[in-house]
Amino acid sequence: LNLWRPHVYQSDQEELRGVGGMKWQTVIIADLGRVVTGTTPPTNQRQYYDGVYPFIKPSDLEFDTYRIRDTATTLTDAAKSKFPNQFLPENAVTFTCIGSTVGKIGITTTDSFTNQQINSIVVNDEHDWRFVYYLLRYEIRRIRAMCSGVASPIINKGAFEKIKVNVPSELSVEQNIASILSAYDDLIENN
């Protein structure tokens with residue numbers, strides 16, 4: 001990814017030039033899509049548990065998880081009705097934002113939920129969800145360095161949404177980069 005993207009972060013969405021003259025711009029994470037912070041339904045209300053929707057927790061992720069296929073816990077339609085704002089569609093990018101697990105990442109493979117330790121991006125039509133995944137994966141160290149808290153590092157939703165990142169000025173460039181990078185992960189996942 002660093003072969004394509006410039007390493008300078010500008011203010012106010014200035015245009016940058018990458019390798020081969022590709023145009024890039026600096027945006028904030030909130031510009032990539034809707035940021036959702038998860039929640040945990042009350043565990044004593046069993047009507048929310050043991051359903052069909054994956055409930056993603058940091059323990060279900062690694063620092064290089066690609067597609068999230070299995071979770072230890074699942075939620076029901078009752079949870080979906082009770083917590084509609086935390087409901088994630090397929091291809092949302094999840095990013096753990098608290099504790100020693102800051103930076104664990106993955107992509108939802110079906111309608112899902114996360115707990116409150118995870119911020120997710122429901123990527124908008126102006127960006128490629130695979131590109132956003134690889135971009136955040138590349139930025140893990142920088143994002144971890146932004147965390148507050150000594151005992152338990154944390155980056156809250158507001159701070160996460162304001163993180164500056166560089167993206168190509170054209171969606172087609174994002175798609176081309178994502179296609180190249182995801183080809184390897186697709187091969188690994190299919191074997």
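The legends below accompany a set of close-up views of one predicted model. Because the model is predicted, local features are described only at pLDDT of at least 70 and side-chain atom pairs only at pLDDT 80 or more, while totals for chains, interfaces and linings use all residues. Residues are numbered from 1 along each chain as its sequence is written, and side-chain values use heavy atoms, with hydrogens and water left out.

**View 1. The largest nonpolar core and its most connected members.**
A nonpolar core is a set of buried Ala, Val, Leu, Ile, Met, Phe, Trp, Tyr and Cys residues joined through side-chain atoms within 4.5 Å, where buried means under 20% relative accessible area, exposed means over 50%, and partly exposed lies in between (1.4 Å probe, protein chains only). The largest such core holds 32 residues, and those touching the most other members are I29, L32, F95, I121, L136, F160 and V165. Helices (H or I, at least four residues) and strands (E, at least two) are DSSP runs numbered from the N terminus. Among the elements that each supply at least two residues of this core are the strands β2 (23-28), β7 (93-96) and β10 (118-123), together with the helices α2 (129-138) and α5 (171-190). The largest contribution, 6 residues, comes from α2.

Contact here means heavy atoms within 4.5 Å. When neighbours within four places in sequence are left aside, F160 is in contact with I29, V35, F95, C97, N119, I121, L136 and I155.

**View 2. H127 in the loop between β10 and α2.**
H127 is placed in the loop that runs between β10 and α2, and with 10% relative accessibility this residue counts as buried. Beyond its neighbours within four places in sequence, H127 is in contact with D31, L32, V132, V167, L171 and E174.

**View 3. S182 in helix α5.**
S182 lies in helix α5 and, at 2% relative accessibility, counts as buried. The side chain of S182 reaches the backbone oxygen of A178 at 2.7 Å. Leaving aside neighbours within four places in sequence, the residues in contact with S182 are Y66, R130 and Y134.

Most residues other than glycine have a negative phi. D50, which is not a glycine, has a positive phi near 65 degrees; D50 lies in strand β4 (residues 49-56) and is exposed, with a relative accessible area of 63%. N91, likewise not a glycine, has a positive phi of about 75 degrees; N91 is found in the loop between α1 (77-82) and β7 and is buried, with a relative accessible area of 19%.

**View 4. The cysteines C97 and C147.**
With a disulfide taken as a pair of cysteine sulfur atoms within 2.5 Å, a search of the whole structure finds 0 disulfides. For C97 the nearest cysteine sulfur is that of C147, 7.2 Å away. C97 counts as buried at 3% relative accessibility, and C147 is also buried, with a relative accessible area of 16%.

Two strands pair if DSSP finds at least two bridges between them. The strands of this open sheet follow the order β6-β4-β9, with mixed pairing. Because β6 (73-75) and β9 (113-114) each have a single partner strand, they stand at the edges, and one side of each is left without a neighbour in the sheet. The parallel strands β4 and β9 are joined by 2 bridges, and F55 stands opposite F113 in β9.

In one of them, R67 pairs with E90, the closest N and O atoms being 3.7 Å apart. R67 lies in strand β5 (residues 67-68) and E90 in the loop between α1 and β7, so this pair ties together parts that are 23 residues apart in sequence. R67 is buried, at 15% relative accessible area, whereas E90 counts as partly exposed at 43%. D128 forms a salt bridge with R130, with the closest N and O atoms 3.1 Å apart, and the side chains of R142 and E139 meet in another at 2.7 Å, N to O.

Conventions. Polar contact = N/O pair within 3.5 Å; in protein donor to acceptor, adjacent residues only side chain to side chain. Salt bridge = Lys/Arg side-chain N within 4 Å of Asp/Glu carboxyl O.
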